[in-house]
Amino acid sequence: MYLLELGGEDDAFAAREATSAATGVRRIAPGLAVANAVNPERVRGLAYTHRASDLLGRTDADLETARALLETAPIDREGSVAVRATDVHGSTGVSTARAERELGSVLVDRGFTVDLDDPDHVLRAAFSEGPLEGGGELEADAETGDLFADAGAEADSLEERVSVCALGWLAAESVRDFGDRAPTDKPFFQPGSMDPLLARAAANIAGAGPGATILDPMCGTGGGLVEAGLVGADVVGTDAQEKMVRGARENLEHFLEPDEPSPTGVDRGEWTVARGDATRLPLADDSVDGVVFDAPYGRQSKIETHRLEDLVAGALAEARRVAPRAVMIADRSWTSEARAAGWELEAAFERRVHRSLTRYVLVLERREPST
């Protein structure tokens with residue numbers, strides 16, 4: 001069993017992304033989840049999970065019971081240690097400095113030496129308290145396809161207040177280099193570009209990783225392709241505007257052409273970008289593993305020769321033809337169009353950007369014809 005320390009913005013969305021690197025993911029407290037198994041290499045590429053630790057045990061969120069747990073837990077390792085404690089959202093009031101000292105003293109009593117600079121093992125102690133809420137996950141109306149918060153489920157979860165301290169041996173950390181790829185700092189920038197954290201999460205949910213091929217049929221500046229390529233996927237992009245094609249190529253060359261491995265530790269993916277119509281892709285059926293795209297927003301009433309509705313509907317139909325899974329980001333619910341194109345809505349999330357912009361993330365699985 002493993003402990004996952006989530007990013008803290010939206011636990012439901014973070015847990016969904018974590019399933020690309022772990023199995024049996026389930027949330028246990030605000031900012032915390034557990035998993036049956038993890039792939040450390042994939043954890044390094046997660047956007048909204050910071051760490052995965054080999055779970056030693058869990059108890060109530062107070063220092064006395066955490067200390068008792070550590071005193072009695074079986075430990076099959078030796079060498080030097082450091083203890084790192086966190087109080088998620090400051091929810092428990094536990095002094096993390098005191099927790100590190102007291103838990104460290106328990107480990108010293110059990111035969112370990114302390115090395116704060118270069119330890120053989122790091123013990124993570126995560127304290128969290130509060131309601132286990134649904135976060136930004138949405139439901140879809142069965143008839144209209146409109147997205148809405150599941151108020152009943154949230155009301156139930158608000159009554160479920162939890163108090164957790166989880167102890168675990170650090171196994172993997174995600175690489176927090178997203179600030180190096182802020183949209184305005186890339187070689188080519190256009191307003192409205194997606195931030196790299198959301199782009200990475202969407203790519204992971206779509207199946208990006210070594211050996212996979214990810215398509216963005218409306219690639220814009222190429223931000224989603226960059227993030228997929230940095231976790232090892234080969235990427236293919238098209239865009240209707242030649243300006244965007246040139247800019248995406250510039251960005252992809254900058255981030256995916258260096259010879260050294262990606263910061264996540266894997267080889268950078270190969271890339272191809274060309275001008276094309278998302279409603280008529282020059283690709284064979286089932287030629288890619290996943291599709292990610294950021295649909296044009298409502299203020300853009302006409303895109304090249306297509307009405308917005310026709311463009312999105314056509315892109316969804318083509319995405320279903322070439323891939324079994326898609327992650328669509330938009331400023332509205334396109335679930336009716338997705339279902340009409342043959343997709344099942346596997347999950348939906350709400351991501352607030354600022355007062356006037358909310359992004360919706362739709363996770364789509366191809367619906368096979370009934371026999």
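A residue counts as buried when its relative accessible area is under 20%, and as exposed when that area is over 50%. The model discussed here is a predicted one.

By that cut-off Trp169 is buried, because its relative accessibility is 3%. Phe112 also counts as buried, since its relative accessibility is 6%. These two residues form an aromatic pair. A pair of aromatic rings is described by the distance of the centres and the angle of the planes. For Phe112 and Trp169 the centres are 6.1 Å apart and the planes meet at 35°. Planes under 30 degrees apart would count as stacked and planes over 60 as edge-to-face, with the rest called tilted, so this pair is tilted. The two partners are 57 residues apart and link distant parts of the chain. Phe112 belongs to the loop between α4 (96–109) and β8 (113–114), while Trp169 is in strand β12 (residues 161–173).

The model has 3 aromatic pairs by this rule. Ring pairs also join Phe13, Tyr48 and Phe349 into a cluster.

Phe13 leads on to the nonpolar packing. Leaving aside residues up to four places away in sequence, Phe13 touches Tyr48, Leu198, Ala201, Ile205, Phe349, Arg351 and Val361. The largest nonpolar core consists of 49 residues, and Leu4 and Phe13 have the most contacts inside it. Helix α6 (residues 196–206) gives the most to this core, contributing 7 residues. Another core lies apart from it and has 26 residues, including Ala278, Ala295, Val312 and Leu362.

Which residue has a positive phi of about 60° although it is not a glycine? That residue is His89, located in the loop between β7 (80–87) and α4. Is His89 buried or exposed? Its relative accessibility is 56%, so His89 counts as exposed.

Asp286 is a residue other than glycine with a positive phi, near 55°. Its place is in the loop between β15 (271–275) and β16 (290–294).

Technical notes: Residues numbered from 1 in each chain as written. Predicted model: local features only at pLDDT ≥ 70, side-chain atom pairs only at ≥ 80, totals over all residues. Heavy atoms only, no water. Core = buried A, V, L, I, M, F, W, Y, C linked by side-chain atoms within 4.5 Å. Buried < 20%, exposed > 50% of the residue type's maximum accessible area, 1.4 Å probe, protein only. Helix = DSSP H or I, 4+ residues; strand = E, 2+ residues; numbered from the N terminus. Contact = heavy atoms within 4.5 Å. Phe/Tyr/Trp six-rings, centres within 6.5 Å; stacked < 30°, edge-to-face > 60°.
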